[in-house]
Structures are given as structure tokens and as C-alpha cells.
Amino acid sequence: MTRSAAAQKLATLVLSLAVLAIPGAAQARTADFNAQLSPFLASAGQLHPIPAAVATSARTAPIFTKKPAAPVPGDMGGALQIPGSPAGSVPWSVVVMLTALTLIPSILMCMTPFARLLIVFHFLRQALGLQTTPSNQTLIGLSLILTFFLMQPVATQVYQDAIVPMQSGQITAIDALGRAEDPVRHFMSHYVREKDVALFIELAKEPRPTSMDDVSMRVLLPAYILSELKAGFQIGTVLFLPFLIVDMVVASITTSVGMLQLPPVVISTPLKLLLFLMVDGWHLLIGSLMRSFN
């Protein structure tokens, strides 16, 4: 058999297979297809004519069948849901979670010592005469780590009193929020000034409370952040004074010897860094800050 004859027979077989896929032509073309396929299969002893009914059923029968899975009781389809909330409240659970994620920076600034620590570190950098060292990212990271260190007992108490019962289904999310408020309130009331609390009670026109436990969170939150700002500025000012004295001494010496063209900061900055390192300034500063919260 020549190469052209073999190619012609192969093309004929392909056309026959294509005709089999046309509705209504399967039975008419099955005999011709078997006759053309017989010389190829007879040599191998595998001649098996394809019945018309088999070809038609193979063309029309579905390839895969899938049995629908039985619904699992209580399955929410992989959706998010707050433990302890009523069933069917998936949209509200998503809203609450997204709102909580949005309020995390505000909570970090207003209910933790983060603001005081960051203010003190910025005062230290300015007092040393350094503009970008340590960088803002370094100072923020250090403030976050120290905030976590200070707030870890409060977070543990919140987890045990509020999160664990809510996950076990003993209380709802609203009850868990009320339980989580008590440890945070106790922490903030320990460092808030009575003067700031009295100011916001007057502004809010609320009755005078008998104790700190009776102060509402509407008054306690702004009073606490105001107290933290004042404490941070106080510590930063005290920290600034020794380095200010070094600047004044260096400036007076350079002026008295006639070095008017030389900026005093060129000499004072290395001296301040040397003084800060000699007294182990980071150890003293972090230790004093941590003890101020005890």
C-alpha cells in the first residue's frame, strides 16, 4: 500500500467518525464504518463490529454522573459567623468583624499605653539631634512590642472571661463585649487623672459618679487618652533637658572661642550620643517607662 493510499484511508476513517456524531446518521453509517475498519482490525484478529444501538447510546449517554451531597445540619456553607450569635446572622457577623478590624488602630491608640511610649521615643530622637535614626518604623515597632508586654495580662483576662465562654456558646457576643470591658476599664482607670475625668463629665453633662466604676466609657476613653498625652509630654520634657544643657554648653564654647562659622550641632550631636551610650540610655529609659505602669 502506497503512502498516498494509506493517507486516503485514514482521512476516510476520520470522516466516518465525524459522521457518527451527527444525530440520525449513526445507524446509517455504522455498517460502512465497520466495513472500512475491518481490514485494519482483521490483521490483528480484533474484528468487533460496533452495533448501531451501542454507538447511539454511547453518543447520547452522559459521561459523568454526580450524586448530590446530603446537607449537613447546621452547616452555613463555609460562611463566617461569630460564636454565640443566633443562627442565620452571617451578614451581621461579617459587618461586626469588619468594623472591629477598622477600629483596631483607634483602640490601640486610645485604650493602651501606645501613645505615651511613641511620644517619649519621638522626644528622645529630637533631643539627640537625630532626624531619621531610629526610623519611624523602628519606633512604632518598639512601641507595639512594649504595648503588648504591658497589655498581656489584660488581654489574658479578657480572653478567659469573654472569649472562651463565647466560643463555647455559654454567652452571646453582646455579653462577651460587656465582660471584656471590665479588665480594660480597670486598666485605664488606674492611669487616668481625676481632673481629666471631671472635665469630660462636665462636658457630657453626666451626674457625678460615686466611684471610677460608675464612669461611662464615653467619659473614660477621652480622659484616658488626654492623661496619656500629658504623661508622654512630661516624660519627654524631662528627657529633653539634659541634652538641651549639652547644646547650650557647646554653643557657648564655640561662640566664645570665635568659631562662628561652625554650627554647634556638629559638635553637640556626637557628644550627646556619647553621653547617651555611656549611661546605657536605652536600658534606663525602657526600665523607667515600664516601671511607670506599675
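Predicted model: local features only at pLDDT ≥ 70, side-chain atom pairs only at ≥ 80, totals over all residues.
Two packed helices are described by the angle between their axes and the distance between the axes. Helix 5 spans residues 114–127, and helix 6 spans residues 136–167. The axes of this pair come within 9 Å. They cross at roughly 145°. The crossing of helix 5 and helix 6 is right-handed. On the helix 5 side, the contact is made by Phe-114, Leu-117, Leu-118, Phe-121, His-122 and Arg-125. Their partners in helix 6 include Asn-136, Leu-139, Ile-140, Ser-143, Thr-147 and Leu-150. By class, ten residues of this contact are nonpolar, four are polar and one is charged.

Helix 6 also packs against helix 11. Here the angle is about 40°, and the axes lie 12 Å apart. Helix 6 is therefore oblique to helix 11. The crossing is right-handed. Leu-142, Leu-146, Phe-149 and Leu-150 of helix 6 meet Trp-282, Ile-286 and Met-290 of helix 11. This contact comprises seven nonpolar residues, with no polar and no charged ones. Leu-142, Leu-146 and Leu-150 of helix 6 also take part in the contact with helix 5.

Helix 8 contributes Asp-196, Val-197, Leu-199, Phe-200, Ile-201 and Ala-204. Helix 9 contributes Arg-218, Val-219, Pro-222, Ala-223, Leu-226 and Ser-227. Nine residues in this contact are nonpolar, one is polar and two are charged.

Attention now turns to empty space. Rolling a probe the size of a water molecule over the atoms shows where empty space is left. The second largest pocket holds about 280 Å³. It is lined by 13 residues. Closest to its centre are Leu-239, Phe-276, Gly-281, Leu-284 and Leu-285. Helix 9, helix 10 (264–278) and helix 11 (281–291) each supply at least two residues of the lining. Eleven lining residues are nonpolar and two are polar. None is charged.

Note on methods: Residues numbered from 1 in each chain as written. Heavy atoms only, no water. Contact = heavy atoms within 4.5 Å. Helix = DSSP H or I, 4+ residues; strand = E, 2+ residues; numbered from the N terminus. Nonpolar A, V, L, I, M, F, W, Y, C, P; charged D, E, K, R; others polar. 1 Å grid on protein atoms, 1.4 Å probe; cavity = no way out; pocket = protein on both sides within 12 Å on 5 of 7 lines; lining within 4 Å. Points joined across faces, edges and corners; volume = space filled by probe spheres on them. Axes fitted to C-alpha atoms, helices over the stretch in contact; angles between N-to-C directions. Left-handed = near helix turned anticlockwise from the far one by under 90°. Parallel < 35°, antiparallel > 145°, perpendicular 65-115°, else oblique.
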